[in-house]
Amino acid sequence: MRTKLLTMFLFMAVGVLAFGQSAEEMDALLADEGVSFARAARYVLPAAEILSEDVPEADAFRAARERGWVPSSAAPDDSIRLDQFSYLVMKAFSLKGGVCYSLFPGRRYAYRELLSRDYLQGRSDPSQALSGSRLVLILGHALDEREVGL
Amino acid sequence: MKRVALPFVFLAACALTAWASDFGLALSGAPKYGNADGFELTAKATPWFSALVGDRGSLFLSADFYLEMEEGEAQFQFDMGRFEYRLVTTSGTTLDFGRFSVADPSGVVVSGLLDGVRLELPMADSSLRVGAYYTGLFNKYENYLCMSAADMGDLDTFFSSSRVLAAAAYERKNLFGEQGLAVEALAQFDLRSEGDRLHTQYLVAGFSGPVVPGLSYNAYGIASLVEETDKDPVLTGAASLDVTWLPPGEAADRVYGQVRWASGAKSDTEGSPFLPVTANPQGAIFDPRLAGLLAVRGGYAVRLSGKVSLDASAGTFLKMGEGQPFTYDGLSASPTSAWLGVEAFAAARYMPASDLALSLGAGIFVPNAGGAFDAGTDPSYLVSAAVLISL
């Protein structure tokens, strides 16, 4: 339990520094048990250095939809699923997937790829709602790998 | 088939309550060629399904479909793979039900898939684990559940012999410094209704932990009682030692050593060798179970570039006690030496992608011809390959 809390604290610190967010905004994110598409895009795209750090959620969502990184039928306030978020992260960070992802790029194999990279820990399932704390952990892994050059 | 269907129906019912799921198919092909058995090919398809059940449960189902080609003949086999329902409570207590991986702390008595139920209670620096398992629902020809000659007696029977295994374990981390203690008591009961029965009990105890930074070990001793029909109980023993050294430097490599010992019988008709529940092979080419055997192995493994890993090892074997605790072509009926021979094996594994793995292995076993083996027994060599893709 202590390790988990320390990890969460470190990722919060990473979030504040890397994502350029205020502590209040980070608190709100960590308390969110069902992150929306717009909120997810608002954190992923700046973390991947595609948009500026202070981009509004609506603009981030529009940018992600224009690129085809979120379903065309999704509304900004809809809850994003874990497999949909996996696809957003794979695309935003240009992560290389497995053979199946290369042949059939989509949320199913994006989820599998993040699972194989240990980005997703604990109980997980493709259709799970994404919590704010999990979003921070996944982005932390993606930023770590980009720094190492993987 | 009714015996197989019942737990599957239960777990399928759990699947109906699942509110989230994933599924897939793993395909593998493994050709191999050796001078002993010629060319063999095993192609396997493993469909699987996983789901979260409620807020605390999870379900995993899989099945194995094999096509085996041996000596020019193809045979189709089927067995249920891992199927497991797991429930984790808020206090961390874990309940497993179904077919899942079971192993005692040493890995010597039992190591493999078993059907049953297991409860694990975590405490501050320790845990308590109890379980009950059954062996009679497995495909007899595709697992290592063979303890006695009677187990393989009826070749027309699909299922393994009926045995029940009860186990209770206690593990304590950081008992003194970083050393951990593990103790487990196991009891195996033979449920066959006719013929000779074989019951066994085991007490496993040992320690594990770091010696110095980069050097760690696991060391276990096992005392076992073997009870056969119309025979006095026999006390037997076994031991295991694993040492791993991570050399300093940037390379992701390790040097490892392993010793496995199991007592043998006093004579052809008196006593009994140590008998493990799962007859896991102790070598890559020379593959006896750990019964009446001393096996010593050392090796080196390294991971290169994150996609390629290499492993090379060599070992030697000695027979313990008398009688025939294991079978292998060429073993002498009247050996003049306990030394069985030496084996070397090397393997390379390449994972170009997260869902694709390729491996290649080659090795040789040089028997002690004229000693433990019949004079003129040739060395055995084996070349193997495998490809695995996950869809």
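Does Val383(B) count as buried, partly exposed or exposed, and what is its relative accessibility? Before I answer, please note that this is a predicted model. Val383(B) belongs to strand 19 of chain B. It counts as partly exposed, because its relative accessibility is 41%, whereas buried would require under 20% and exposed over 50%.

Val383(B) is one of the members of a nonpolar patch on the surface, which also includes Tyr33(B), Phe39(B), Trp339(B) and Val342(B). Leu360(B), Ile364(B), Val366(B) and Tyr381(B) are likewise among its residues, and the patch has about 790 Å² of accessible area together. At least two residues come from each of strands 17, 18 and 19 of chain B. The greatest contribution is that of strand 18 of chain B, with three residues.

Strand 17 of chain B, residues 339-353, pairs with strand 16 of chain B, residues 308-319, in the antiparallel sense over eleven bridges. A hairpin of two residues connects strand 17 of chain B to strand 18 of chain B, and Ala353(B) has Leu356(B) as its bridge partner.

I move now to another set of strands. Strand 3 of chain B, residues 57-70, is paired with strand 5 of chain B, residues 83-88, through four bridges in the antiparallel sense; here Leu59(B) stands opposite Tyr85(B). Strand 5 of chain B is in turn joined to strand 6 of chain B, residues 94-103, by six bridges, and the two run antiparallel. Leu87(B) and Leu95(B) are bridge partners. The hairpin of strands 5 and 6 of chain B has five residues between the strands, and Gly92(B) takes a positive phi near 95° there.

The next topic is charge. Side chains of opposite charge can pair when their charged atoms come close. Over all chains, the structure holds 25 salt bridges. In one of them, the side chains of Asp96(B) and Arg118(B) meet, at 3.3 Å from N to O. This pair links distant parts of the chain, since Asp96(B) is in strand 6 of chain B and Arg118(B) is in strand 7 of chain B, 22 residues apart.

Both partners are buried; for Arg118(B) the relative accessible area is 13%. The side chain of Arg118(B) also reaches the backbone oxygen of Ser101(B) at 3.1 Å. Among its contacts beyond four places in sequence are Arg86(B), Phe100(B), Val130(B) and Tyr133(B). Arg118(B) and Asp96(B) are linked with Arg82(B), Glu84(B) and Arg86(B) in a network of salt bridges.

Two further pairs deserve mention. Arg260(B) forms a salt bridge with Asp242(B), with the closest N and O atoms 3.1 Å apart. Arg260(B) lies in strand 14 of chain B and Asp242(B) in strand 13 of chain B, so the pair ties together parts 18 residues apart in sequence. Arg260(B) is buried at 11% relative accessible area, and Asp242(B) is buried at 17%.

Finally, Glu228(B) forms a salt bridge with Lys231(B), the closest N and O atoms being 4.0 Å apart. Glu228(B) counts as partly exposed at 28% relative accessibility, as does Lys231(B) at 48%.

Definitions and conventions:
Residues numbered from 1 in each chain as written. Chains lettered and ligands numbered in written order. Predicted model: local features only at pLDDT ≥ 70, side-chain atom pairs only at ≥ 80, totals over all residues. Heavy atoms only, no water. Pairing = 2+ DSSP bridges. Buried < 20%, exposed > 50% of the residue type's maximum accessible area, 1.4 Å probe, protein only. Polar contact = N/O pair within 3.5 Å; in protein donor to acceptor, adjacent residues only side chain to side chain. Contact = heavy atoms within 4.5 Å. Patch = residues over 30% accessible without salt bridge, like charges linked within 9 Å, V, L, I, M, F, W, Y side chains within 5 Å. Areas by Shrake-Rupley, 256 points an atom, 1.4 Å probe, with all protein chains shown as cover.
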